[in-house]
Amino acid sequence: MKFLKLLIFLSVRFINSATTQRYRQVTKSNISIINCTETRVSSLLHCTALSRESKDVTFFFDNQKKQCRLNCLFQYNMDAVIPGWQCYEMEWKTNAALNKRPLVSSVYSNNTSKWSPDFATDGVISIQAVQIFHSHLEPTPWIMVDLVNMSKISFVRVFLRIDDKGERFHDVIYEISNNTSTYEQFGFFRGPAVSGQVVEICCGSPDVGQYVRLRVTQGSDNSLNIAELEIFSV
């Protein structure tokens, strides 16, 4: 019996260590919940395990009520507060996309003063229809960010155009490459999204690459409207 208790204790310590490496509590967030799956759990560890299994970037835990919120849909909110809930997010070291100059399939009306791809990685989330990246209407619009160096990518977060046209973000493949000639898919968003939605894609175990591309794959008159694209590395 003592051996069994010791084994359980060591197992919990190991899992807790893995949990600490994978997620961390955050005290401030600029996203709020549209909806979530809410379920009762035995502990934070239990909530973390469920969130990892569903490949969530962000989850919430209420320690008093032992409730877990996962599989959430989010929208942009500069001053998001969720009373009673602790927010946990996948660990990351840097937003590798910040201030990198993306390559894109096109720019709407060729007007870079209003819709340059640089607006997608400048660290500023515009609440207007301008100072965002906006592509032409085309079958497969895409945006690609060269991270300059090989990076271990933990997750990608996309802030969609806030004022309108959120439904344009649908059937989006997330791809990674070492050389831009061969891409490997690591994520997919079915959608359609809603205006102002924040889309998070988990890479599972960190994927290594230098180039990250988002590409719409279904339909004909498609357009990417992105307020900010964040690529988090570890």
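Strand 4 (67-80), strand 11 (183-189) and strand 12 (197-216) each supply at least two residues to the lining of the largest pocket, where strands (E, at least two residues) and helices (H or I, at least four) are DSSP runs numbered from the N terminus. Among these contributors, strand 12 gives the most to the lining, with 6 residues. The structure is a predicted model, in which local features need pLDDT of at least 70 and side-chain atom pairs count only at pLDDT 80 or more, while totals for chains, interfaces and linings use all residues. Residues are numbered from 1 along each chain as its sequence is written, and side-chain values use heavy atoms, with hydrogens and water left out.

## The largest pocket

A pocket is an open set of points on a 1 Å grid over the protein atoms alone, with protein on both sides within 12 Å along at least five of seven lines, whereas a cavity is a set of points where a 1.4 Å probe fits but cannot get out; lining residues have an atom within 4 Å of a point. The volume of the largest pocket is about 300 Å³, a volume being the space filled by probe spheres set on the points, which are joined across faces, edges and corners. Its lining consists of 18 residues, and Lys55, Asp56, Cys72, Glu200 and Ile201 are the ones that lie nearest the centre. Sorted by class, the lining holds 10 nonpolar, 5 polar and 3 charged residues, with Ala, Val, Leu, Ile, Met, Phe, Trp, Tyr, Cys and Pro counted as nonpolar, Asp, Glu, Lys and Arg as charged, and the others, Gly among them, as polar.

## Disulfides and other cysteines

A disulfide is taken here as a pair of cysteine sulfur atoms within 2.5 Å, and by this rule the count comes to 2 disulfides. With bonded cysteines counted along the chain, the pattern is 1-4, 2-3.

| Disulfide | S to S distance | Torsion about the S-S bond |
|---|---|---|
| Cys36 and Cys72 | 1.9 Å | about 110° |
| Cys47 and Cys68 | 2.0 Å | 70° |

The torsion of about 110° in the bond of Cys36 and Cys72 makes that disulfide right-handed. This pair links distant parts of the chain, with Cys36 in strand 2 (residues 29-40) and Cys72 in strand 4, 36 residues apart. Cys36 is partly exposed at a relative accessible area of 25%, whereas Cys72 is buried at 13%; buried means under 20% relative accessible area, exposed over 50%, and partly exposed in between (1.4 Å probe, protein chains only).

The link of Cys47 and Cys68 is right-handed as well, and this pair also links distant parts of the chain, Cys47 lying in helix 2 (residues 44-53) and Cys68 in strand 4, 21 residues apart. Both Cys47 and Cys68 are buried. Cys87, by contrast, is in no disulfide, and the nearest cysteine sulfur to it, that of Cys72, is 8.9 Å away. Cys87 is buried, with a relative accessible area of 10%, and Cys202 is buried at 7%.

Asn35 is found in strand 2 and counts as partly exposed at 38% relative accessibility. Leaving aside neighbours within four places in sequence, Asn35 is in contact with Asn71, Cys72 and Leu73, contact meaning heavy atoms within 4.5 Å. The C-alpha atoms of Asn35 and Leu73 are separated by 5.5 Å, although the two residues are 38 apart along the chain.

## Backbone details

Most residues other than glycine have a negative phi, and most peptide bonds are trans. Asn71, in strand 4, has a positive phi of about 50° although it is not a glycine, and at 37% relative accessibility Asn71 is partly exposed. Lys66, located in the loop between strand 3 (58-62) and strand 4, also has a positive phi, near 55°, and is partly exposed with a relative accessible area of 24%. A cis peptide bond, with omega about 0°, joins Gly191 and Pro192, and Pro192 is placed in the loop between strand 11 and strand 12.

## The chain as a whole

The protein chain has 3 helices and 13 strands, and 45% of its 234 residues count as buried. Among contacts between residues at least 6 apart in sequence, 77% join residues at least 24 apart. The chain exposes about 12,100 Å², of which carbon and sulfur atoms supply 51%; accessible areas come from the Shrake-Rupley method with a 1.4 Å probe, and for residues only the protein chains shown count as cover.
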